[in-house]
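Please keep the structure in view while reading.

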Amino acid sequence: MWRQLRVVSPLVTSLKSSLRQVPATWSYMEAFSADSMNMAKEKAYSHMKNLFLTFVLGGPGSGKGTQCEKIVETYGFTHLSAGDLLRREIASKSENGAVILDIIKEGKIVPSSITVKLIQDEIESSENSKFLIDGFPRSDENRIAFEKNIGREPDLVLFFDCPEEEMVKRVLSRNQGRVDDNIETIKKRLVVYHESNLPIVNYYAEKGKVHKISAVGSVDEIFEQVQQIFSKYKCLLDQSSNESFPVTSRALHKTMRT
């Protein structure tokens, strides 16, 4: 009996000692994980600060999308169309997509929380440092939400100025099967454009960030104006091109798990 107790006793002592070490080990692991997470967040924040962001604004049918394609080909930007991101969400048949569809049919602005999240996810998962954000922000609420989440303003704003009659004609003739390409919706969109979009242009104009482009003429004629603008930002564009690989949201989540 006594001999058995003497054999078991060292095991109990060892077990108690191990249990006392667990909290210390766990605290160390938590601290290491927190430090890794903070480093990843700092890298992600630094990357956001060093992006070259361009807002591309203009009414429906002003030719923003066409010019963005040429900018991507010439300067290596990643094109993020707020409208395309929303339409992609609609096509996914998600509950979120159904809500977006109803809002677009009414010609209203999709809530900032939805659009900003879609844009932010695309930026964080991209290897590029230069982004064209097309058709956004469309309201002061959009602007505030974007700057709060991304942590900065755009480097410049391209504003494609086009007469209303020309915009209506272009939208109705492009026949892309979009739910918002009809006369009723285009009229609603133009009202929103004048009431909500133009104040955004004025806001950034006061900060000296807006470059107004006449959106009337051939595609190449309009693009010549765009090239003249980007030539003034060559140093910043080159600096962005030399950016190191960003910390993506996926990488950040992986760090958090480890």
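## Basis of the description

Two strands are taken as paired if DSSP finds at least two bridges between them. The model discussed here is predicted.

## Overall composition

The protein has 11 helices and 5 strands. Of its 258 residues, 40% are buried. Among contacts between residues at least 6 apart in sequence, 81% join residues at least 24 apart.

## The sheet

The 5 strands form an open sheet with parallel pairing, in the order E2-E3-E1-E4-E5. Strand E2 (78-81) and strand E5 (210-214) are the edge strands, each of which pairs on one side only. On average, neighbouring strands of this sheet are turned by 20° against each other, direction ignored.

At one end of the order, strand E4 (residues 156-161) pairs with E5 in the parallel sense over 5 bridges. Within this pairing, Phe160 has Ile213 in E5 as its bridge partner.

## Strand E1 and its neighbours

Strand E1 comprises residues 52-58. On one side, E1 is joined by 5 bridges to strand E3 (residues 130-134), and the two run parallel; here Leu53 has Phe131 in E3 as its bridge partner. E1 is also joined to E4 by 5 bridges, again in a parallel arrangement, and Phe55 stands opposite Val157 in E4.

How much of E1 is buried? Because 7 of the 7 residues of E1 are buried, the strand is largely enclosed by the rest of the structure. In a regular strand the side chains alternate between the two faces of the sheet. In E1 both faces are covered: one side carries Phe52, Thr54, Val56 and Gly58, the other carries Leu53, Phe55 and Leu57, and all are buried.

Thr54 lies in strand E1. Its relative accessibility is 0%, so Thr54 counts as buried, the cut-off being under 20%. Leaving aside residues up to four places away in sequence, Thr54 touches Phe77, Phe131, Leu132, Ile133, Leu156, Leu158 and Phe230. Among these contacts, Phe131 is also the bridge partner of Leu53 in E3.

Leu51 is located in the loop between helix H1 (2-49) and E1. With a relative accessibility of 3%, Leu51 likewise counts as buried. Leu51 and Pro154 are separated by 103 residues in sequence, yet their C-alpha atoms are 9.0 Å apart in space.

## Packing of helices H7 and H8

Two packed helices are described by the angle between their axes and the distance between the axes. Helix H7 (residues 164-174) and helix H8 (residues 183-206) pack at an angle of about 140°, with their axes 11 Å apart. H7 is therefore oblique to H8, since angles over 145 degrees would be needed to count as roughly antiparallel. The crossing of the two helices is right-handed.

Which residues of H7 and H8 meet? From H7, the contact involves Glu164, Met167, Val168, Val171, Leu172 and Arg174. From H8, the residues they meet are Ile183, Ile186, Arg189, Leu190, Tyr193 and His194. By class, this contact has 8 nonpolar, 1 polar and 3 charged residues.

How values were computed:
Residues are numbered from 1 along each chain as its sequence is written. This is a predicted model: local features need pLDDT of at least 70, side-chain atom pairs count only at pLDDT 80 or more; totals for chains, interfaces and linings use all residues. Side-chain values use heavy atoms; hydrogens and water are left out. Helices (H or I, at least four residues) and strands (E, at least two) are DSSP runs, numbered from the N terminus. Axes are lines fitted to C-alpha atoms, for helices over the stretch in contact, and angles run from 0 to 180 degrees between N-to-C directions. Buried means under 20% relative accessible area, exposed over 50%, partly exposed in between (1.4 Å probe, protein chains only). Contact means heavy atoms within 4.5 Å. Angles under 35 degrees count as roughly parallel, over 145 as roughly antiparallel, 65 to 115 as roughly perpendicular and the rest as oblique. A crossing is left-handed if the near helix is turned anticlockwise from the far one by less than a right angle, and right-handed if clockwise. Ala, Val, Leu, Ile, Met, Phe, Trp, Tyr, Cys and Pro count as nonpolar, Asp, Glu, Lys and Arg as charged, and the others, Gly among them, as polar.
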